[in-house]
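Subject: Structure handover

Hello,

Here is the structure you will be working with. Please open it and keep it beside this email as you read.

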Amino acid sequence: MFEFIYSNERISHVGRYIRKKYQQEKECVPLLWTEHCVECAAPKCYGTCPRYQRRKDGNCVRIAKGIMPVIEDKQLWTKVEFRTWAKLESQLKVSTLTGNQYAQAYTFITWLGYFFDRLARWIPVYNVSKFIYDGWFSYRQKYINYLIRNSKKQERLSLYGMVQNKDQQLTLLIDVKSPSKLLFREAVNIPLGKTIFSVPIPAYEDKDTLFFINIHPANAEQHVILAFEQLQLVPTDITQGKKIKCVIWDLDNTLWKGVLIEDKQVKPKQEFVDLIKHLDSCGIINSIVSKNNQEEVNAKLREFGIDDYFVFKKVNWDPKSINISKTIRQMNINPNTIVFVDDNPFERNEVSLVHPSLTCIDPSEMMEFSKCKRFNVVVTEDSKSRRNTYKMLESLKIEEEAWDGDIDDFLKSCNIKVQLSTPTEDNIMRCYELLQRTNQLNSSGRRLSLDEVCDIVASVDHDSYVLNSSDKFGDYGIVGFMIVEKKEDGAHITDFVISCRVANKKIEPSVVNCLADKYGGHVYFHYKKTSLNGPMFKTVEELGMEQPSENEQYVVYRHVYKEHYPAIVEIQDRTKWL
């Protein structure tokens, strides 16, 4: 719901468009978006702030001309022109209405608001009209609260947005706040054109505390115009999303029946044991976070014959969100590719408040959930051995955390080697898998099809590279794939994907520097920022690349070979003689 009452433009029969838009929705969370200020201290600031501009109800105009309804192609859109420091804000609710209830409430609130607006304008006495406006403002939220008093509360919510940007590229910040502090923040990149985004939002619920959700430009000084077709909270469909890379298991009353510290004869749930083995064979990693005694847990897992199937186990009495944060950092994977299985709603909520994009699920739902397409991953020979490579990474992390000295010296002590080779029929599926699975360490963000990969590998206008990596802890197999397009001005690295298993080892800049030497002293590096691939930009920063050009699709950087770049990684280029 958007606040149209203070808009400079009106649309007749707006209720008809509202009903058409929402009555087919199954469930919607009734938010009412209004205009506010990121620096707001209203009404005290009205007398001192040079940006104060009086709205007809006495409050400050932050959205130029108000939040305006716009009809385009027989669809209701909402035009929002953010002034400096402007934001959209709503009370955060976690209960839902049916689409029909939502549409009726929206229509009723909108038309009743117009009535009070006309009544307030008809009475010229400011204090009286202000009393009417303030009373209306209070009533509409009470009405929403009344409608949802017996509604179903949601454990998983996402802010779904559909926005048209014809103005300028920007980043929007989505915040959740209590009256005293910021609780959650997520950034969404909004390029020119139409953008659809879905951001998981923690389902805060406390009868004694008001929570607010805000959306505003990251640059508070930026003046920008956006048109929203939708901006609403909806129940999250956990079957939709990124492919699953890791399942983190609780133990008591989850992986096994009973509580270990109370009953030493706990028995495993066989369906989960079978599932763990199946996930492992597909290259999906299994881990553990449990409040228990580590020695007792290890003994029980050995007794069940499944101890070897888990990596990065966290068995202690720390909050589970802290342990899961450690696992995420050690594995270097995004929370939106992780599932946490726990029978305790309190524990699931505690984790989801810290990692809202992580899927938290009750054990009773896990078997059915594991059949969805998020678990339908490409299986290669590398996938089947993925657990072993993560065990090597686990050994590396243990030694790294114990290292007392310069990190570059530690990396040198690891004897890191990277072998470059030409893709073959035997490993091209692994190259395709990397392009599909890799999010954070993906320079272009492109999801090439298998046919497109095969065509590029066979093209005389491109060079393609497979990256194998090893160190003193073992052989990680194929960890990366690169595409280099040969142009008149030089070689262009159009795609570079590398596994998170070998991140932060300076492999990426070392390989790019090696290719600059190979292609005559310099190479161009294409980078397209996505919501996830910030870590890949570290390659640009590490090498101090210059930016010669930019377009709507990507930024092109130029790297000149550095002869004295630190020799931390040994590069073996086998493509020279293949």
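Predicted model: local features only at pLDDT ≥ 70, side-chain atom pairs only at ≥ 80, totals over all residues.

Residues are numbered from 1 along each chain as its sequence is written, and side-chain values use heavy atoms, with hydrogens and water left out.

**Cores**

In soluble globular proteins, nonpolar side chains tend to be buried together. A nonpolar core here is a set of buried Ala, Val, Leu, Ile, Met, Phe, Trp, Tyr and Cys residues joined through side-chain atoms within 4.5 Å. Buried means under 20% relative accessible area, exposed over 50%, and partly exposed in between (1.4 Å probe, protein chains only).

The largest nonpolar core has 59 residues. Leu88 and Phe197 have the most contacts inside it. Helix 2 (residues 99-122) gives this core its largest share, seven residues. Helices (H or I, at least four residues) and strands (E, at least two) are DSSP runs, numbered from the N terminus. Another core, of 39 residues, lies apart from the largest one. Leu467, Ile498, Val502 and Val511 are among its members.

Two strands pair if DSSP finds at least two bridges between them. Eight strands form an open sheet, ordered 23-24-22-21-20-19-18-25, with mixed pairing. Strand 23 (546-550) and strand 25 (570-573) are the edges, each pairing on one side only. The twist averages 30 degrees from one strand to the next. Strands 19 and 20 run antiparallel, joined by 10 bridges. Helix 12 packs on this sheet, touching strands 19, 20 and 21. Its direction makes about 80 degrees with that of strand 20. Axes are lines fitted to C-alpha atoms (for helices, over the stretch in contact), and angles run from 0 to 180 degrees between N-to-C directions.

**Helix 12**

How many residues of helix 12 are buried? Eight of its 10 residues (428-437) are. They include Cys431, Tyr432 and Leu434, and also Arg430 and Glu433. Contact means heavy atoms within 4.5 Å. The buried residues pack against several elements, including helix 10 (386-402) and helix 13 (450-458).

Strand 3 pairs with strand 10 over five bridges. Threonine 78 stands opposite phenylalanine 228 in strand 10.

Best wishes
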